[in-house]
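Open the structure in your viewer and keep the selection tool at hand. Each stop below says what to select and what is there.

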Amino acid sequence: MWQIVGRADELPNTGDWKVYKIFDQSFVIVRGREGQLRGFVNSCRHRGNILCEKPRGHSGRFTCPYHLWTYGLDGKLLAVARPDLVGDIDKAEHGLVEVPVDTFAGFIFLNPDQAARPLAEFLGPEVVERLSAYKLDEMTPV
């Protein structure tokens, strides 16, 4: 199910990230280099350790504190600290697990289901049409 995880203006700059939890599942939402928002399971692909323990932060990459696997803001595996111990691995196959993230009316939505239907389809045309007049994406906190 799509979940509201915050406002898009909470992550204004490249590398800004925040953690969102649903029960025992943890996700990280990050502003990428091209300005887009992405969501990932907050877990290293090597041994499953949490990547981001603080609720929010800013970084050019994510590094697992345990074995130092390093991921880009796009979720791609960039480097492993001890390749001699891991063996020959395909970095393209070991990136972070991405989850759907989208925005509507200035809010960030995340869906833990990788096969989720698009947010606009989930909301439906009536909701999109009715709320668009309120210009919620232009609202700022006081």
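Begin with the whole chain in view. Among contacts between residues at least 6 apart in sequence, 48% join residues at least 24 apart. Keep in mind that this is a predicted model.

**The whole chain**

Colour the chain by secondary structure. It has three helices and 11 strands. Follow the elements from the N terminus: they run β-β-β-β-β-β-β-β-α-β-β-β-α-α. Turn the model along its principal axes, and the C-alpha atoms fill a box of roughly 60 × 30 × 30 Å. Now colour by accessibility. Of the 142 residues, 37% count as buried.

**The aromatic pair**

Select Trp17 and Phe62. How are the two rings set against each other? The structure holds one aromatic pair. The ring centres of Trp17 and Phe62 lie 6.4 Å apart and the planes meet at 65°, so the pair is edge-to-face; the angle passes because planes over 60 degrees apart count as edge-to-face. The pair links distant parts of the chain. Trp17 sits in strand S2 (residues 16-22) and Phe62 in strand S6 (residues 61-63), 45 residues apart. Both Trp17 and Phe62 are buried.

**Around Phe62**

Stay on Phe62 and show its contacts. Leave out residues up to four places away in sequence. Phe62 then touches Trp17, Val28, Val30, Leu51, Cys52, Trp69, Thr70, Tyr71, Gly72, Leu73 and Leu96.

Next, show the nonpolar side chains. In soluble globular proteins, such side chains tend to be buried together. Here the largest nonpolar core has 16 residues. Which of them have the most contacts inside it? They are Trp17, Leu51, Cys52, Phe62 and Tyr71. S2 and strand S3 (25-31) are the elements that give two or more residues to this core.

**Tyr20**

Zoom in on Tyr20, which is found in strand S2. Is Tyr20 buried or exposed? Tyr20 counts as buried because its relative accessibility is 17%, and buried means under 20%. Display its contacts, leaving aside neighbours within four places in sequence. Tyr20 is in contact with Gln3, Ile4, Val5, Gln25, Ser26, Phe27 and Ile29. Then draw a distance from Tyr20 to His67. Their C-alpha atoms are separated by 23 Å, and the two residues are 47 apart along the chain.

**The open sheet**

Select S1, S11 and S10. These three strands form an open sheet in the order S1-S11-S10, with antiparallel pairing. The edge strands are S1 (3-7) and S10 (101-104), each of which pairs on one side only. Look along the sheet: the twist averages 35° from one strand to the next. S1 and strand S11 (residues 107-110) are joined by four bridges in the antiparallel sense. For a landmark, pick Ile4, which stands opposite Phe109 in S11.

Now select Arg7 and Phe107. Arg7 lies over the face of Phe107, at 4.6 Å from the ring centre.

**The hairpin and its partner**

Move to S3 and S4. They form a hairpin with five residues between them. S3 and strand S4 (residues 37-41) run antiparallel, and five bridges join them. Phe27 stands opposite Val41 in S4. In the turn, find Gly35, which has a positive phi of about 90°.

S4 and S9 pair in the antiparallel sense over two bridges. Phe40 stands opposite Glu98 in S9.

**Two loop residues**

Finish with two loops. Select Leu68, in the loop between S6 and strand S7 (70-72). Its phi is near 65°, a positive value in a residue other than glycine. Leu68 is partly exposed, with a relative accessible area of 43%.

Last, select Ala105, in the loop between S10 and S11. Ala105 also has a positive phi, of about 55°, although it is not a glycine. Buried or partly exposed? At 16% relative accessibility, Ala105 counts as buried.

How values were computed: Residues numbered from 1 in each chain as written. Predicted model: local features only at pLDDT ≥ 70, side-chain atom pairs only at ≥ 80, totals over all residues. Heavy atoms only, no water. Phe/Tyr/Trp six-rings, centres within 6.5 Å; stacked < 30°, edge-to-face > 60°. Buried < 20%, exposed > 50% of the residue type's maximum accessible area, 1.4 Å probe, protein only. Lys NZ or Arg CZ within 6 Å of the ring centre and 35° of its normal. Pairing = 2+ DSSP bridges. Axes fitted to C-alpha atoms, helices over the stretch in contact; angles between N-to-C directions. Core = buried A, V, L, I, M, F, W, Y, C linked by side-chain atoms within 4.5 Å. Contact = heavy atoms within 4.5 Å.
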